[in-house]
Amino acid sequence: MTAAHLPALLDPATDPALPRRIAHLDMDAFYASVELLRYPQLRGLPVVIGGGRRRLDEALREEYAETPLAEIPVRAFPVLKDYVGRGVITTATYPARQFGVGSAMGMMKAARLCPQAILLPVDFDQYRQFSRRFKAVIRDISPLMEDRGVDEVYIDFTDVPGGQREGGRVLARLIQKSIFDATGLTCSVGVAPNKLLAKMASEFNKPNGISVVGADDLQALIWPLACRKINGVGPKADEKLKARGIHLIGELAARERDWLMQTFGKRHGAWLHDAAWGRDDRPVVTESEPVSMSRETTFDRDLHAVQDKAELGAVFTRLCEQVAADLQRKGYVGKTIGVKLRYDDFRIVTRDQTLEAWTADAATIRQTAGQCLKRVDLDRRMRLLGVRVGSLVKTAEMPDPASKPALASVKRPVDAPDLKVQSLSLF
């Protein structure tokens, strides 16, 4: 197969006169950028987000009670070298990334790389507010938008006015400017014939960049990249590819489809071949139903089910209440309740139980999740605890009352004062 075949492979649009234009928009260092709106005095400095749960502005106001947040001196902020614990970094500003600091890195390791970095705690409520704002801006301009998380989306430019101009660059600039005007935040946009290539393209010119990848750019822009840049090729798959001498996407594209299917499995091998050649006909999906909802937390120190019973019980109850609140707020009920534990040796175990009836009740979730905990080893200390509710259905879409499945519940109200103490004695 040669480059002459690429236009046909990369353009699945039914109308050949109107090329398919798919954009991937990724907010630049989103959490950190939101924090810099609150603390503009930190701009240009290495900043990491992560660690403790206490809101920074509350802590600083003990000393700067009458000072606006934007005027608190930089010297008052905590720095990474003073951090004690084992939390992980959620994100970092670009000046911090220059020192090798990145998302999901342990805080202690990051402190060795960039001890002078300023440390801010996460504020998910604030991030969600800004997420809703920038997505509303996009929908007003280009309604075909697929939500991919708090800080990224796919957008179908194909039929949007201006979506074809300069390969989509004109519309991308409009969206960038509109988001900045509405939020003060920047984003990077990749435009390509499909979602696979658009996501890779959005990384080319960060921050605040626009990259357009066309059918003729596959060999020049995509094939020199590492296979790990393909969304869907994880660390394990990448190691398997490297073990067979395949490091770059171009090297993957050079392998025969049949060989890849025999080596990596029929389905995965075929997908690898298609990905290397830029084939991806997935549509931009504007609505998607969640499969499950979950909440989890990583402890500041390893906890033991007996020695830290009170603390674990409180955390466990809070997670169940948070999941229940998420379900109720979004209008879902679920049947399968599960728990997730990560031990001090990093081993992860999960257990779940399916109820006969649907529920979004916190006490029921806690009771059932507690039964799941009885089926795991609680002798080891724990680093992480999580609660999950699956097998979801929309509350509004359940059958009429005459045939409606029963909703599991308990007589004790969710906010009963004895819920934390008596609903489950495991912790």
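The legends below describe close-up views of a predicted model.

**View 1. The second largest pocket and its lining residues.** By residue class, the lining divides into six charged, four nonpolar and two polar residues.

**View 2. The aromatic pair of Tyr 31 and Phe 124.** Among the eight aromatic pairs that the structure holds, Tyr 31 and Phe 124 form one that is edge-to-face, with 5.8 Å from centre to centre and 85 degrees between the planes. The pair links Tyr 31 in helix H2 (residues 30-38) with Phe 124 in helix H6 (residues 124-141), 93 residues apart in the chain. Tyr 31 counts as buried because its relative accessibility is 15%, whereas Phe 124, at 38%, counts as partly exposed.

**View 3. The aromatic pair of Tyr 31 and Tyr 127.** The ring centres of Tyr 31 and Tyr 127 lie 4.2 Å apart and the planes meet at 10 degrees, so this pair is stacked. Because Tyr 31 belongs to helix H2 and Tyr 127 to helix H6, the pair ties together parts that are 96 residues apart in sequence. Both tyrosines, Tyr 31 and Tyr 127, are buried.

**View 4. Charged side chains over aromatic rings.** Arg 133 places its charged end over the ring of Phe 130, 4.7 Å from the ring centre, while Lys 195 lies over the face of Tyr 154, at 5.0 Å from the centre of that ring.

Technical notes:
Residues are numbered from 1 along each chain as its sequence is written. This is a predicted model: local features need pLDDT of at least 70, side-chain atom pairs count only at pLDDT 80 or more; totals for chains, interfaces and linings use all residues. Side-chain values use heavy atoms; hydrogens and water are left out. On a 1 Å grid over the protein atoms alone, a cavity is a set of points where a 1.4 Å probe fits but cannot get out, and a pocket is an open set with protein on both sides within 12 Å along at least five of seven lines; lining residues have an atom within 4 Å of a point. Ala, Val, Leu, Ile, Met, Phe, Trp, Tyr, Cys and Pro count as nonpolar, Asp, Glu, Lys and Arg as charged, and the others, Gly among them, as polar. Rings of Phe, Tyr and Trp (its six-membered ring) pair if their centres lie within 6.5 Å; planes under 30 degrees apart count as stacked, over 60 as edge-to-face and the rest as tilted. Helices (H or I, at least four residues) and strands (E, at least two) are DSSP runs, numbered from the N terminus. Buried means under 20% relative accessible area, exposed over 50%, partly exposed in between (1.4 Å probe, protein chains only). A charge sits over a ring if NZ of Lys or CZ of Arg is within 6 Å of the ring centre and within 35 degrees of the ring normal.
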